[in-house]
Amino acid sequence: QENEIKLLTAEIERLKNFGCLGVSPSLEGLRDENAKLKYRLNFLKKSLQEERSKSTKSMININSCLQEIFGAAIQAAYPDLENPPLVVTPSQQPKFGDYQCNSAMGISQILLKTREQKVSPREIAEKIAKNIPANECIEKVEIAGPGFINVHLRKDFVSKQLSSLLISGVQPPAIGKRKKVVVDFSSPNIAKEMHVGHLRSTIIGESMCRLFEFAGYDVLRLNHLGDWGTQFGMLIAHLQDKFPDYLTVSPPIGDLQAFYKESKRRFDTEEEFKKRAYQCVVLLQSKNPDFIKAWNLICDVSRREFQKIYNCLDITIIERGESFYHEMMKDIVKEFEDKGFVQVDDGRKVVFVPGFPVPLTIMKSDGGYTYDTSDLAALKHRLCEEKADILIYVVDSGQSVHFQTVFAAGQMIGWYDPKVTRVAHAAFGVVLGEDKKKFKTRSGDTVRLIDLLEEGLKRAMDKLKDKERDKVLTPEELKAAQTSVAFGCIKYADLSHNRLNDYVFSFDKMLDDRGNTAAYLLYAFTRIRAIARLANIDEQMLRKAAREEVLILDHEKEWKLGKCILRFPEILQKILEDLLLHTLCDYLYELATTFTEFYDSCYCVEKDRQTGE
């Protein structure tokens with residue numbers, strides 16, 4: 001923008017001269033051109049001011065700043081090199097400075113391969129260091145070992161960033177144009193209870209939504225419920241037998257799981273019932289009002305049960321199940337047929353996607369649709385109707401090939417270009433029991449999610465009573481502490497593991513207040529709040545001090561804490577790119593332990609022994 005402003009200003013001057021000299025036959029045309037340029041110039045200046053005022057409030061990504069600085073230094077040192085490697089990382093040990101630039105080794109390899117020049121990485125590092133442009137953040141650089149460039153930050157730079165953080169609050173770096181993100185997560189099946197397998201999708205999906213919202217994106221959270229299909233035939237047939245007056249009196253289905261099992265048993269053993277179930281599917285799909293009412297009754301029972309879990313875990317989500325896409329499916333089949341992608345195989349209509357051995361079945365031999373059809377319809381709707389810039393599916397790793405095939409089919413037919421729109425499957429591993437096998441009950445059944453949450457509440461209360469919190473908290477406070485600890489620990493235990501791996505579910509580990517757990521973070525957070533309460537300094541006073549005084553970072557633990565706080569935007573950028581949320585948990589744990597070290601070495605508050613103040 002700054003360059004464009006310079007060019008436009010020069011162009012306006014040039015046009016003025018043309019007008020004065022009377023060279024141009026069309027003065028009117030010149031005036032129009034001049035007016036357009038002036039308008040564009042004013043627009044640019046205004047948008048640059050807005051961007052600047054926004055970015056002065058935003059936290060600075062120090063790693064990105066250093067990458068820009070070293071990018072310029074490498075460019076100046078080796079102007080002929082195309083896309084040289086740019087590697088800047090935080091230092092692992094304080095003796096190696098605050099950050100490291102490790103590009104010299106890569107450049108050495110490139111020079112050897114492309115030009116057959118043998119230059120030592122140390123020599124390259126020295127050349128880069130000499131070409132570092134003037135900047136406000138680097139105090140000094142040192143070359144270490146085979147060619148690492150150790151970077152020491154300026155204390156006044158860090159101090160200034162911390163002060164502006166206090167004044168402006170935690171503002172993530174600006175993202176430019178506000179993009180739309182659609183996240184598909186949770187997705188249980190109607191008439192079946194949510195089990196431990198739904199726990200990960202629900203927690204990870206909700207957290208990703210919060211992450212993108214915090215960073216300034218427009219987020220749509222979708223629950224792709226299994227609310228359509230042949231299983232509803234047997235459920236409706238069983239409903240008609242068990243509650244014949246269901247149209248006038250709401251049926252008291254208490255245990256939908258048992259109701260499902262009964263109807264499945266009848267479907268498998270009673271031939272007459274099976275025939276009726278198939279007729280019910282046909283009548284439901286033809287939108288017969290009585291059957292739609294029966295379907296809604298069954299869905300409502302499930303919805304109420306799901307909502308109990310969503311309330312516990314503080315989940316916000318919009319229901320948009322398979323039934324939402326049902327009307328779109330015939331158009332999907334037609335679109336693939338019209339473009340010549342459909343083959344008929346044993347009566348089924350299938351689509352082969354290059355690079356994937358198993359085809360997508362978009363219509364069964366009986367004319368019914370499949371999961372493949374509904375997933376393609378959902379993909380198209382999200383891309384073409386919702387206009388998603390980023391689309392994320394939070395579904396277990398077992399579905400990886402299926403989703404890769406569906407996404408590739410969407411590209412093949414021209415719904416999106418992966419260079420423009422990001423479509424990602426955020427896969428995750430399974431939940432294991434402490435025996436490292438799939439998490440089951442003692443009788444070998446899948447663990448019901450509601451039972452798991454209730455067990456968490458019980459364990460959290462036991463832990464609080466062990467610590468005698470019940471003696472100092474009011475009943476309301478104790479209840480709030482119980483839910484915070486129980487559900488916070490269950491969520492954090494999941495998020496703090498790399499989602500790609502399987503993880504072992506252990507109440508003992510997650511409720512432990514040592515190590516990287518929610519209990520430890522809650523403890524550190526409480527300590528910080530206690531200091532703030534005791535010091536009796538409110539945010540206004542802090543902001544005033546930040547504006548008027550310079551923050552001195554003399555003690556090594558102050559310096560360490562200050563730098564750790566400022567790494568937040570780097571972490572944010574990384575997890576927005578790779579969607580691996582455990583990186584944020586690792587950072588928060590590091591921040592809490594760094595704060596504890598600081599607290600142990602530097603007094604924040606001292607009491608006057610005479611007055612007690």
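## Overall architecture

Among contacts in the protein chain between residues at least 6 apart in sequence, 71% join residues at least 24 apart. The model is a predicted one, and its protein chain is made up of 22 helices and 14 strands.

## Surface and charge

The protein chain exposes about 33,600 Å², of which carbon and sulfur atoms supply 52%.

Part of the surface is a nonpolar patch of about 330 Å², to which Leu166, Ile537, Met541 and Leu542 contribute. Leu166 belongs to helix H6, which covers residues 155-168, and with a relative accessible area of 37% Leu166 is partly exposed.

## Lys140 and its surroundings

Lys140 is found in strand E3, which comprises residues 138-144, and at 42% relative accessibility this lysine counts as partly exposed. When its neighbours within four places in sequence are left aside, Lys140 is in contact with Asn150, Val151 and His152. Phe243, by contrast, is 103 residues from Lys140 in sequence, and the two residues are 80 Å apart in space, taken from C-alpha to C-alpha.

## Salt bridges between separate elements

The structure holds 40 salt bridges. One of them joins Glu327 to Lys287, with the closest N and O atoms 3.0 Å apart. Glu327 lies in the loop between strand E7 (318-319) and helix H12 (329-338), while Lys287 lies in the loop between helix H10 (271-285) and helix H11 (289-313), so the pair ties together parts of the chain that are 40 residues apart in sequence. Both partners are partly exposed, Glu327 at 46% relative accessibility and Lys287 at 42%.

A further salt bridge is formed where the side chains of Glu319 and Arg303 meet, at 2.6 Å from N to O. This pair links distant parts of the chain, since Glu319 is in strand E7 and Arg303 is in helix H11, 16 residues apart. Glu319 is partly exposed, with a relative accessible area of 35%, and Arg303 also counts as partly exposed, at 25% relative accessibility.

Glu305 and Lys308 form a salt bridge in which the closest N and O atoms are 3.1 Å apart. Both residues lie in helix H11, where they are three residues apart, or about one turn of the helix. Glu305 counts as partly exposed at 35% relative accessibility, and Lys308 is likewise partly exposed, with a relative accessible area of 45%.

Elsewhere among the salt bridges, some share partners, and in this way Glu206, Arg210, Glu213, Arg221 and Asp314 are joined into one network.

Methods: Residues numbered from 1 in each chain as written. Predicted model: local features only at pLDDT ≥ 70, side-chain atom pairs only at ≥ 80, totals over all residues. Heavy atoms only, no water. Patch = residues over 30% accessible without salt bridge, like charges linked within 9 Å, V, L, I, M, F, W, Y side chains within 5 Å. Areas by Shrake-Rupley, 256 points an atom, 1.4 Å probe, with all protein chains shown as cover. Salt bridge = Lys/Arg side-chain N within 4 Å of Asp/Glu carboxyl O. Helix = DSSP H or I, 4+ residues; strand = E, 2+ residues; numbered from the N terminus. Buried < 20%, exposed > 50% of the residue type's maximum accessible area, 1.4 Å probe, protein only. Contact = heavy atoms within 4.5 Å.
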